[in-house]
Amino acid sequence: MVEIKTESELAMMREAGRVVANTLHAVKEAAAIGVSLLELDEVAAHVISEAGAKPSFLHYQPRSAPTPYPNVLCASVNDVVVHGIPTAYRIQDGDLVSIDCGAILDGWNGDAAISFVVGTADPADLALIEATERALAAGIAAARPGAKLGDISYAIGVAGRAQGHGMLEDHGGHGIGRAMHEDPHLPNEGRAGRGMRLKPGLALAIEPMLTRGGDAYRYAQDGWSILTADGSRAAHVEHTIAIAEDGPRVLTVR
């Protein structure tokens, strides 16, 4: 069931989103050559705890997952698209790192992701990240009251495909609020003018995932990490937004 939030509820989601944004900022600042993914996870745990919040991902287990998620962050490197489990792996020069973070504050969720390169960047990786950010911006711009859910999907897909990048098959964003994942599912590609009509108070997590190769993917042995099937690098960015009377309102900013 799709839940429409009140202004006071969206205000509480905004505070959860602020925690997420501050956490992502701190993690990106800490990311450097030689720093381990587990060390970044510790940074995130500290920031979330200091804010009086709880991590959304830790111990989360949807029906499709083999085990509860073991960490605070998703830390995906190079050909890992999403849901990478932080390990003792130490970041190397030129790594493309995607960090996904969720936090719960006073019962409300925020969810966002960023991608960046540590050290010497391959121009193709920077172009991939920029394209993913443009797709996110296009999706947000389409999230206006009276539009259809498919308008967001269409905008993401057109922007994501514009430079010939791949897009992860069968994945997309979602509703968010009291639970991290709520209805509706929001595909990253679709047809304009289709789907439910967007109403003020609807909160969505919009999250394009682009690759430098094809659309196909595979799961790692850990059952969580999703990798590109062709070994190409990937980027993932995300914001939690609300549909407001005057247009989209981004909740996961500092």
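Modeller: What follows is a set of questions and answers on a predicted model.

Biologist: Which residues does UniProt list for "binding site", and at what C-alpha distance do they gather at one spot?

Modeller: The unreviewed UniProt entry lists Asp100, Asp111 and Glu238 under that term, and the lining of the largest pocket takes in these three residues. Although they span 139 residues in sequence, they gather at one spot, because no two of their C-alpha atoms are more than 7.9 Å apart.

Biologist: Is Asp111 buried or exposed, and which side chain does Asp111 join through a polar contact?

Modeller: Asp111 has its place in strand S5, residues 108–117. Its relative accessibility is 3%, and since buried means under 20%, Asp111 counts as buried. A polar contact of 3.3 Å joins its side chain to that of His174.

Biologist: In which strand is Asp100, and what is its relative accessibility?

Modeller: Asp100 is placed in strand S4, residues 96–105. Leaving aside neighbours within four places in sequence, its contacts include Asp111, Glu238 and Phe57. Asp100 counts as buried, with a relative accessibility of 7%.

Biologist: How many residues apart in sequence are the parts that the pair of Tyr69 and Trp224 ties together?

Modeller: The ring centres of Tyr69 and Trp224 are 5.0 Å apart and their planes stand at 80 degrees, so the pair is edge-to-face. Tyr69 lies in the loop between S1 and S2, whereas Trp224 lies in the loop between strand S11 (217–219) and strand S12 (226–228), so the pair ties together parts whose separation in sequence is 155 residues.

Technical notes: Residues numbered from 1 in each chain as written. Predicted model: local features only at pLDDT ≥ 70, side-chain atom pairs only at ≥ 80, totals over all residues. Heavy atoms only, no water. UniProt positions renumbered as here; feature names shortened; annotations may be inferred. 1 Å grid on protein atoms, 1.4 Å probe; cavity = no way out; pocket = protein on both sides within 12 Å on 5 of 7 lines; lining within 4 Å. Helix = DSSP H or I, 4+ residues; strand = E, 2+ residues; numbered from the N terminus. Buried < 20%, exposed > 50% of the residue type's maximum accessible area, 1.4 Å probe, protein only. Contact = heavy atoms within 4.5 Å. Polar contact = N/O pair within 3.5 Å; in protein donor to acceptor, adjacent residues only side chain to side chain. Phe/Tyr/Trp six-rings, centres within 6.5 Å; stacked < 30°, edge-to-face > 60°.
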